[in-house]
Amino acid sequence: MYTNNTLTAQNFRAVQRLYPGVILHRDHPENWPDGPWAQVPPEPVQPTLPALADHKANAHRQLVYVFNDLADDIAGLYPWFERDTWQDQEYEALTYQSWINNGSTGTAPNTPTLTGISTARGIPLPELVSRVIDNASAWRLAAPQLAGQRQAYADQIEAAADHAAVDSVLESAKAANVSQAAA
C-alpha cells in the first residue's frame, strides 16, 4: 500500500491509474506526482484463535491420548485383542482359584481363555491363574487413579475461562507421569 497523506493506493498499479500517461519508477515513490509517496507496511495479521468450545473439545481429545500413554506405561504394551480378554481372564482366574480354595471338588470350572493361553505359553494353569489375579489386582489399584485424574483434568478444562487456562491444564496433564497418576 502506498500513500501521500492525501491519496492511498493498494499497490503500484493503482498509483499508475491515478496518473495516466505519467511514467512512474516503481523503485522511487518519493519522485511520484503529488509526492512524496511512501510505502505503508501492511497491518500485522492477528492470529485467530478457535472458539473456546472448540479449543476445549480439542483439549479433551488430547487428554485421552495423554492418559492412554500413561495407562500403557503402567499396564505395559499389550495389543487390543489381548486387552479385550482381560475381564474374561480375571473371571476365569477367580472362578478357578475359588474352586481350588474350596478343595477342588467336582468338575473344574471352564477356563477356555486361560487354558488356551497357558497351553500356548507352556506354563501350568495354576501359575497363570495366580499371575492373572495379581495383575488384575494391581491394575484395579491403578485404573481408578488414572480415571479420576483424567476426569479432574477434564473438569478443569471445562471450567477454564480462556484459551490460556485450557492450555495450562493440558500442559499440567502432559507433565503428569505414571507415579503421579497411579499414586
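**Helix 2 and its surroundings**

Mentor: Helix 2 has 24 residues, and its first and last C-alpha atoms lie 34 Å apart, close to the 34 Å expected at 1.5 Å a residue. Bear in mind that the model is predicted. The buried residues of helix 2 include H55, K56, A59, L63, V66, F67, L70 and A71. As background, an α-helix has 3.6 residues a turn, so residues three or four places apart point the same way. After helix 2 comes G76, with a positive phi near 85 degrees.

F67 leads out of the helix. There are five aromatic pairs in the structure. In one of them, the ring centres of F67 and Y153 are 6.0 Å apart and the planes stand at 50 degrees, so the pair is tilted. This pair links distant parts of the chain, since F67 is in helix 2 and Y153 in helix 6, 86 residues apart. Both F67 and Y153 are buried.

Another pair, W86 with W139, is edge-to-face, at 6.1 Å centre to centre and 70 degrees between the planes. W86 lies in helix 4 and W139 in helix 6, so parts 53 residues apart in sequence are tied together. W86 is partly exposed at 26% relative accessible area, and W139 is partly exposed at 27%. Together with Y78, W86 and W139 form one aromatic cluster.

The largest pocket has a volume of about 720 Å³. Among the residues closest to its centre are W86 and W139. Helix 2 supplies at least two residues of the lining, whereas helix 6 gives the most, with nine. By class, the lining has twelve nonpolar, four polar and seven charged residues.

Methods:
Residues numbered from 1 in each chain as written. Predicted model: local features only at pLDDT ≥ 70, side-chain atom pairs only at ≥ 80, totals over all residues. Heavy atoms only, no water. 1 Å grid on protein atoms, 1.4 Å probe; cavity = no way out; pocket = protein on both sides within 12 Å on 5 of 7 lines; lining within 4 Å. Points joined across faces, edges and corners; volume = space filled by probe spheres on them. Helix = DSSP H or I, 4+ residues; strand = E, 2+ residues; numbered from the N terminus. Nonpolar A, V, L, I, M, F, W, Y, C, P; charged D, E, K, R; others polar. Expected span 1.5 Å × (residues − 1). Buried < 20%, exposed > 50% of the residue type's maximum accessible area, 1.4 Å probe, protein only. Phe/Tyr/Trp six-rings, centres within 6.5 Å; stacked < 30°, edge-to-face > 60°.
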